[in-house]
Amino acid sequence: QGYEGLVEGGDNIKQANWLSVSNIIQLGGTVIGSARCKAFTTRAGRLRAARNLVEHGITNLCVIGGDGSLTGADIFRSEWAGLLEELVREGQISEEVARKNCRLNIVGLVGSIDNDFCGTDMTIGTDSALHRIMEVVDAITTTAQSHQRTFVLEVMGRHCGYLALVSGLASGADWLFIPESP
């Protein structure tokens, strides 16, 4: 559940093994869950997350997300040493444990179905979102034709019309409305 899982700890943090990741590559979305985490926006929430990571001996994070997730990762990284010092001061971890976990390595990957990140051809999530849209278009096209009706399909994309544009082109849509050209 993203940062929510880091803050809450417990069963949210577990080691992935062959069995737990088998047969998921074809699935869209995130199988590990995703959640907005208000607690992680506070130092107290990040302190709990640091405690949970240290407890599990985790010093490497791979953060896949958008602006909020990657900003949170950068803040967490910059505060890491101070968070460990605070945990030592509060007696939650020993100085030896703090020394063992003194470095937090973070890899940040842009995960956005909007495909709106400069410098990359396609962000994580875009391809599977387009695939699902085309499956839906294929399924409703014959229904629309047989009933001689116009169908309107709305796709996600917040401020970016990439999904609408590409799926509209691929499906031969008659009209297309995108935020870049209202």
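Is Asn23 buried or exposed? I looked this up before anything else, keeping in mind that the model is predicted. Asn23 is exposed, with a relative accessible area of 62%.

I placed Asn23 in the loop between H2 and H3.

I found Gln148 in the loop between H6 and helix H7 (162–171). Gln148 has a relative accessible area of 73%, so I noted it as exposed, the cut-off being over 50%.

**Aromatic pairs**

How many aromatic pairs are there? I get three. I wrote down Phe40 with Phe76, which is edge-to-face, with 5.2 Å centre to centre and 65 degrees between the planes. Phe40 sits in the loop between helix H2 (18–21) and helix H3 (43–55), while Phe76 belongs to helix H4 (residues 67–89), so this pair ties together parts that are 36 residues apart in sequence. I checked burial for both rings. Phe40 counts as buried at 4% relative accessibility, and Phe76 is buried too, at 0%.

Phe76 also pairs with Trp80, edge-to-face, at 5.5 Å centre to centre and 85 degrees between the planes. Here both partners lie in helix H4, four residues apart, which is about one turn of the helix. Trp80 comes out at 2% relative accessibility, so I have it down as buried, the limit being under 20%.

Which residues make up the aromatic cluster? I listed Tyr3, Phe40, Phe76 and Trp80, which form one cluster.

**Cores**

Next I looked at the nonpolar cores. The largest has 22 residues, and Phe76 and Trp80 are the ones with the most contacts inside it. H4 gives the most, with six residues.

**Surface**

Where do nonpolar side chains make a surface patch? I found one made by Ile64, Val107, Leu109 and Ile124, with an area of about 320 Å². Ile124 lies in the loop between strand S2 (105–110) and helix H6 (126–146). At 43% relative accessibility, Ile124 counts as partly exposed.

**Recap for myself**

Phe76 is the residue I kept returning to: Phe76 pairs with Phe40, pairs with Trp80, and is buried at 0%.

Methods. Residues numbered from 1 in each chain as written. Predicted model: local features only at pLDDT ≥ 70, side-chain atom pairs only at ≥ 80, totals over all residues. Heavy atoms only, no water. Phe/Tyr/Trp six-rings, centres within 6.5 Å; stacked < 30°, edge-to-face > 60°. Helix = DSSP H or I, 4+ residues; strand = E, 2+ residues; numbered from the N terminus. Buried < 20%, exposed > 50% of the residue type's maximum accessible area, 1.4 Å probe, protein only. Patch = residues over 30% accessible without salt bridge, like charges linked within 9 Å, V, L, I, M, F, W, Y side chains within 5 Å. Areas by Shrake-Rupley, 256 points an atom, 1.4 Å probe, with all protein chains shown as cover. Salt bridge = Lys/Arg side-chain N within 4 Å of Asp/Glu carboxyl O. Core = buried A, V, L, I, M, F, W, Y, C linked by side-chain atoms within 4.5 Å.
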